[in-house]
Amino acid sequence: MTRNVSWLRLAAISCCLGLVVVGLTAVAACGGDDDDDTNATPAATTGSAQTPAVTEGDLKISGVWVRTTTNDVAAAYFTVDNSGAADTLISAKASVGMMAQLHEVITEGASSKMQEKEGGFPVPAKGELELKPGGFHVMIMGVKEPLKAGDTVDLTLQFEHAGTVNVKAPVLAEAPAK
């Protein structure tokens, strides 16, 4: 009986440790260097690949990029400028992952956590939605192989009113200079 209880405790501890490792991996991919990216390094080290803006109706999607990764999760960032009525980014898909979710970073006291953003990301009327490190982002999970600078990821963005918008995102080690 004592032997069975010890084995069960060991199994429970192993399971908990596995969940912690998975959670830390996801947070690391979302944030990576999520400290202030305003001092981005020159294009030679971040990649100079800039994709042209994509316009769909009143929405213009620009500054699209995906962070390099060494594991099976990545994050995509971009800006949506809206010249018309309010809209909502309700979902995303990525060519390199099994699943993509819209995520937000929540700060509680001295710690931050990442979670799926229920209801999507609002795009204000005649306003802007910015997805950036440390804030809103598209979390790409189940990446088939590590993403390197110079790769390209096809993203499919689904908006409530504007519909489907396809964009190409260069893979960069750091945020591109603005």
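## Phe121 and the aromatic pairs

Phe121 is buried, at a relative accessible area of 0% (buried means under 20% relative accessible area, exposed over 50%, partly exposed in between, with a 1.4 Å probe and protein chains only). The model is predicted: local features need pLDDT of at least 70 and side-chain atom pairs count only at pLDDT 80 or more, while totals for chains, interfaces and linings use all residues. Residues are numbered from 1 along each chain as its sequence is written, and side-chain values use heavy atoms, with hydrogens and water left out.

Rings of Phe, Tyr and Trp (its six-membered ring) pair if their centres lie within 6.5 Å; planes under 30 degrees apart count as stacked, over 60 as edge-to-face and the rest as tilted. The count comes to 2 aromatic pairs. One of them is the tilted pair of Trp65 and Tyr77, with 4.8 Å from centre to centre and 35 degrees between the planes. Trp65 sits in strand β2 and Tyr77 in strand β3, 12 residues apart (strands are DSSP runs of E of at least two residues, helices runs of H or I of at least four, numbered from the N terminus). Both Trp65 and Tyr77 are buried. Phe121 and Phe136 have ring centres 4.3 Å apart and planes at 20 degrees, so this pair is stacked. Phe121 belongs to strand β7 and Phe136 to the loop between β8 (128-131) and β9 (137-141), so the pair ties together parts 15 residues apart in sequence. Phe136 is partly exposed, at 24% relative accessibility.

## Pairing of strand β4

Two strands pair if DSSP finds at least two bridges between them. Strand β4 (residues 87-94) runs antiparallel to strand β7 (residues 121-123), and 3 bridges join them. Leu89 is the residue opposite Phe121 of β7. β4 also pairs with strand β10 (residues 152-159), in the antiparallel sense and over 5 bridges. There, Lys93 has Thr156 of β10 as its bridge partner.

## Nonpolar cores

A nonpolar core is a set of buried Ala, Val, Leu, Ile, Met, Phe, Trp, Tyr and Cys residues joined through side-chain atoms within 4.5 Å. The largest has 30 residues, and Ile61, Ile140 and Leu155 have the most contacts inside it. Leaving aside residues up to four places away in sequence, Ile61 touches Ala53, Val54, Phe78, Thr79, Val80, Leu157, Phe159, Val165 and Val167 (contact means heavy atoms within 4.5 Å). Another core, of 5 residues, lies apart from the largest one and includes Ala75, Tyr77, Leu172 and Ala175.

## Loop residues

Ala53 is in the loop between α2 (43-46) and β1 (54-56). Its relative accessible area of 41% makes Ala53 partly exposed. Beyond four places in sequence, Ala53 touches Lys60, Ile61 and Ser62.

Thr69 lies in the loop between β2 (59-67) and β3 (73-82), and counts as buried at 10% relative accessibility. Its side chain makes a polar contact of 2.7 Å with the side chain of Asn71 (a pair of N or O atoms within 3.5 Å; within protein, one must be able to donate a hydrogen and the other to accept it, and residues adjacent in sequence count only if both atoms are side-chain atoms). Thr69 also touches Ala74, Pro146 and Leu147, not counting residues up to four places away.

Lys126 is located in the loop between β7 and β8. Lys126 is exposed, at 66% relative accessibility. Although not a glycine, Lys126 has a positive phi of about 50 degrees. Most residues other than glycine have a negative phi.
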